[in-house]
Amino acid sequence: MAPPALEGSATAGAPDGRSTPCRIAVLASGRGSNLQALLDAIAGGRLHATVCGVFSDRTDAPALARARAAGIPATALSPRAFADRAAFDAALFERVDASRPDLIVCAGYMRLLGADVVAPRSARMINVHPSLLPAFKGLHTHRQALAAGVTEHGASIHFVTADLDGGPVAAQAVVPVHAGDDEAMLAARVLVREHPLLVATVELLASGRLALECDGIVYDGARLQAPLQLPANNRFA
Ligand code: GRF
């Protein structure tokens with residue numbers, strides 16, 4: 001599948017000559033701080049994109065309020081209103097598709113997605129996960145990291161496949177684990193790096209520099225051998 005490359009040749013808006021902002025659909029179940037990081041980067045001219053819709057499985061998700069405050073269409077569907085997961089997924093993605101996204105970002109979307117909706121969209125759907133994948137998949141990643149006694153932890157951006165938190169990892173940000181850390185302290189340290197990691201990775205995808213192709217992730221025309229590591233200045237080379 002083609003990367004979410006952008007059309008246009010005029011120079012307005014983007015440093016590399018792109019004119020059409022990447023359309024991003026965001027899926028979120030909760031707080032929405034990653035959504036906010038994208039919105040702030042767009043507003044600050046650091047990300048040449050537009051959020052075309054925010055979608056949730058929770059009608060009370062604070063992410064929806066953040067979207068509405070920014071004038072972005074926000075849609076929530078309750079899974080209880082559907083016969084099964086497949087029916088819910090189909091209804092949700094009918095709405096996501098209607099927003100015409102180039103890229104779909106799962107940013108704290110806490111519901112499993114079925115292969116029927118994931119497979120056709122894998123190359124343009126990413127997830128932000130608070131661990132250095134493949135370590136600590138699933139929930140309570142900071143608790144898992146502390147229990148394992150690791151000295152480094154962090155966040156990953158991966159392409160979404162039907163394998164939970166198991167899709168190809170594009171980029172990571174590493175943080176140290178300090179003696180005496182509790183779950184909340186570690187989570188806060190990761191989140192500070194997770195936000196710029198998401199913004200910088202989305203910018204690479206939006207510009208077409210980073211893409212999932214049939215034989216793996218390609219970065220600047222070469223096969224990526226290991227996930228990109230976010231530098232201290234929060235910008236990929
Ligand atoms: C983040 O830590 C993300 O990595 C995880 O869920 C959390 C969502 O945070 N998948 P927010 O809703 O973006 O604030």
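This is a predicted model: local features need pLDDT of at least 70, side-chain atom pairs count only at pLDDT 80 or more; totals for chains, interfaces and linings use all residues.
**α1 with α2**
- Helix α1 covers residues 33-43 and helix α2 covers residues 62-69; their axes come within 9 Å and cross at roughly 20°.
- Angles under 35 degrees count as roughly parallel, so α1 and α2 are roughly parallel to each other.
- Their crossing is right-handed.
- On the α1 side, the contact uses Ser33, Leu35, Gln36 and Leu39, while α2 brings in Ala63, Arg66 and Ala67.
- Sort those contact residues by type and you get 4 nonpolar, 2 polar and 1 charged.

**α1 with α6**
- Helix α6 (residues 183-206) packs on α1 at an angle of about 50°, with the axes 9 Å apart.
- That angle is why α1 and α6 are called oblique to each other.
- The crossing of α1 and α6 is right-handed.
- From α1 come Ser33, Asn34, Ala37, Leu38 and Ala41; from α6 come Leu191, Glu194, His195, Leu198, Val199 and Val202.
- This contact splits into 7 nonpolar, 3 polar and 1 charged.

**Around the ligand**
- The ligand is surrounded by Arg31, Gly32, Ser33, Asn34, Gly108, Val128, His129, Pro130 and Glu194.
- Ser33 puts a polar side-chain atom 2.5 Å from an oxygen atom of the ligand.
- Gly32 has a polar backbone atom 2.8 Å from a ligand oxygen atom.
- Val128 has a backbone N or O atom 3.1 Å from a nitrogen atom of the ligand.

How values were computed: Residues are numbered from 1 along each chain as its sequence is written. Side-chain values use heavy atoms; hydrogens and water are left out. Axes are lines fitted to C-alpha atoms, for helices over the stretch in contact, and angles run from 0 to 180 degrees between N-to-C directions. Helices (H or I, at least four residues) and strands (E, at least two) are DSSP runs, numbered from the N terminus. Angles under 35 degrees count as roughly parallel, over 145 as roughly antiparallel, 65 to 115 as roughly perpendicular and the rest as oblique. A crossing is left-handed if the near helix is turned anticlockwise from the far one by less than a right angle, and right-handed if clockwise. Contact means heavy atoms within 4.5 Å. Ala, Val, Leu, Ile, Met, Phe, Trp, Tyr, Cys and Pro count as nonpolar, Asp, Glu, Lys and Arg as charged, and the others, Gly among them, as polar. A residue is near a molecule or strand if one of its heavy atoms lies within 4 Å of it. A polar contact is a pair of N or O atoms within 3.5 Å; within protein, one must be able to donate a hydrogen and the other to accept it, and residues adjacent in sequence count only if both atoms are side-chain atoms.
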